[in-house]
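Please keep the sequence and the model in view while reading.

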Amino acid sequence: MSTLDEIRAAFVRDGFAHFNLAAHLPEVQVAASGLELVPEHAWSHIVKNHEGEFEYPLDRFSELAGHQRLAEDDLRAGRFSFSFERLNDTPANATILELQCMKGLLNSPAMSELLLHVTARKPSRIVQCYVSRFRKGHFIYTHRDPGQSFGVAVNLTRRWDPNHGGLTVILDEGGSAVRACLVPVAFQTLVFDTSERSTPHFVSMVSATPPCARMAAIARYDATVE
Ligand SMILES: [Fe+2]
């Protein structure tokens, strides 16, 4: 059984699988280079709390601070909430070549072929795409990604100390027992089912200012079953 067959077996069995994308698609290393140099104005901060979902440019500190406090209250109270930065695939960011290069890779025939092998589904289109960035205080509370066929998170973090949080924790169907805990490692790629099975997961709060940003390319795919 090849490594890809083993990854596919894990996806079929568990509803998620993780592997090193660079081992199968070395081009990801080129596509990822330069993302840290993207100008700050292209990034936004997205926060979800019990008042709603808010996305602002990074320079609107005062409004963001208020939403961040409410999101942290929700985290403590066990309510769905999140806070992180992202480089979103918006019309305004159509000229950000580094983002378009990463999206191009996620949309490429080679990536589609790989995802077909892993999921037994043929990607038809990317429904949503962005690069996330987690700094101190950022987190995503336990959730199940809705709709589409499957989601992909390609980690782009160069160096990470797990003591700083930012861990991706995958839970069982009931949302209580831990099935996997992923430390951010460059090019580690998580593929998870969002159609037939839900995969509850969260990103633990980053508790210290990390020396390297915790970044990941996120894509949600529509696909047809082969
Ligand atoms: Fe998610």
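## Terms and basis of the model

Two strands pair if DSSP finds at least two bridges between them. Helices (H or I, at least four residues) and strands (E, at least two) are DSSP runs, numbered from the N terminus.

The model is predicted: local features need pLDDT of at least 70, side-chain atom pairs count only at pLDDT 80 or more, and totals for chains, interfaces and linings use all residues. Residues are numbered from 1 along each chain as its sequence is written.

## The chain as a whole

The protein chain contains six helices and twelve strands. Its radius of gyration, taken over C-alpha atoms, is 17 Å, close to the 17 Å that the globule rule (2.2 Å times the number of residues to the power 0.38) gives for 226 residues, so the chain is as compact as a globular protein of that length. The C-alpha trace spans about 50 × 40 × 30 Å along its principal axes.

Of the 226 residues, 38% count as buried; a residue is buried if 20 or more other C-beta atoms, placed from the backbone, lie within 10 Å of its own, exposed if 12 or fewer, and partly exposed in between. Two residues are in contact if their C-beta atoms, placed from the backbone, lie within 7 Å. Among contacts between residues at least 6 apart in sequence, 78% join residues at least 24 apart.

## Helix H5 and its cover

Helix H5 covers residues 97-106, and its buried residues are Leu99, Met102, Lys103, Leu105 and Leu106. Seen down the helix axis, these buried residues fall within an arc of 155 degrees (the arc of the directions from the axis to the C-beta atoms), so they line one face of H5. An α-helix has 3.6 residues a turn, so residues three or four places apart point the same way.

The cover over the buried residues of H5 includes helices H3 (27-32) and H6 (109-119), together with strands E4 (82-88), E5 (121-134), E7 (150-155) and E12 (214-225).

## Strand pairing around E12

E12 pairs with E5 in the antiparallel sense over twelve bridges, and Pro123 has Ala223 in E12 as its bridge partner. E12 also pairs with E7, again in the antiparallel sense, over six bridges. Here the bridge partner of Val154 is Ala217 in E12.

## Arg86 in strand E4

Arg86 lies in strand E4. Arg86 counts as partly exposed because it has 19 C-beta neighbours inside 10 Å.

Arg86 and Ala42 are 44 residues apart in sequence, and their C-alpha atoms are 8.7 Å apart in space. Leaving aside neighbours within four places in sequence, the contacts of Arg86 include Trp43, Ser44, Ile46 and Tyr130.
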